Amino acid sequence: MANRLEKYSDNIQGPYFVDMDCIACDNCYYLAPNNFSLTLDFDHAYVMKQPINPQEQEQCLEALKACPVDSIGYQKQ
Ligand code: SF4
């Protein structure tokens, strides 16, 4: 389970976040390209935009479920 206390500071504020266990596998960007991005040095992923419509909500949930190290978290605001 992702740890909100260890989330990267470059996540945009909101319910979804990526924590420091991320291994930069790129799955989340592939599944939810509107919402996840990798840092320029490919060190880790982060949430660049919170989902704002049903399609993005679905894609972000798929990304959360597909993360191989459970590094994507969701916490209601
Ligand atoms: S799917 Fe998980 S491990 Fe892979 S880049 Fe995204 S947050 Fe990181």
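Is Lys-49 buried, exposed or partly exposed, and what is its relative accessibility? Lys-49 counts as partly exposed, at 30% relative accessibility, where buried means under 20% relative accessible area, exposed over 50%, and partly exposed in between, computed with a 1.4 Å probe on protein chains only. The structure is a predicted model, in which local features need pLDDT of at least 70 and side-chain atom pairs count only at pLDDT 80 or more, while totals for chains, interfaces and linings use all residues. Residues are numbered from 1 along each chain as its sequence is written, and side-chain values use heavy atoms, with hydrogens and water left out.

A search of the whole structure finds two salt bridges, a salt bridge being a side-chain nitrogen of Lys or Arg within 4 Å of a carboxyl oxygen of Asp or Glu. One of them joins Lys-49 to Glu-56, with the closest N and O atoms 2.8 Å apart; Glu-56 is buried, at 3% relative accessibility, whereas its partner Lys-49 is partly exposed. In the other, Lys-65 is paired with Glu-62, and the closest N and O atoms are 3.4 Å apart. These two residues stand three residues apart in helix H2 (residues 54–66), and are therefore separated by about one helical turn; helices (H or I, at least four residues) and strands (E, at least two) are DSSP runs, numbered from the N terminus. Lys-65 is exposed, with a relative accessible area of 56%, and Glu-62 is partly exposed at 37%.

Ser-37 is buried, with a relative accessible area of 16%.

Rolling a probe the size of a water molecule over the atoms shows where empty space is left. On a 1 Å grid over the protein atoms alone, a cavity is a set of points where a 1.4 Å probe fits but cannot get out, and its lining residues have an atom within 4 Å of a point. Grid points are joined across faces, edges and corners, and a volume is the space filled by probe spheres set on the points. By this rule there is one cavity of 30 Å³ or more, and about 90 Å³ of space lies in the largest cavity. Of the 15 residues that line the largest cavity, Cys-22, Cys-25, Cys-28, Cys-67 and Pro-68 are the closest to its centre. The lining divides into 12 nonpolar, two polar and one charged residue, with Ala, Val, Leu, Ile, Met, Phe, Trp, Tyr, Cys and Pro counted as nonpolar, Asp, Glu, Lys and Arg as charged, and the others, Gly among them, as polar.

The largest cavity is the space taken by the ligand, a molecule being placed in a cavity if more than half of its atoms lie within 2 Å of its grid points. Around the ligand there are 13 residues, of which Cys-22, Cys-25, Asp-26, Cys-28 and Cys-67 come nearest; a residue is near a molecule if one of its heavy atoms lies within 4 Å of it. This shell comprises 11 nonpolar residues, one polar and one charged.

Asp-26 lies in the loop between strand E1 (16–18) and helix H1 (27–31), and has a positive phi of about 85° although it is not a glycine. Asp-26 is partly exposed, with a relative accessible area of 31%. A positive phi, near 60°, also occurs at Phe-42, likewise a residue other than glycine, which lies in the loop between strand E2 (36–38) and strand E3 (45–47). Phe-42 counts as exposed, at 59% relative accessibility.

Methods: On a 1 Å grid over the protein atoms alone, a cavity is a set of points where a 1.4 Å probe fits but cannot get out, and a pocket is an open set with protein on both sides within 12 Å along at least five of seven lines; lining residues have an atom within 4 Å of a point.
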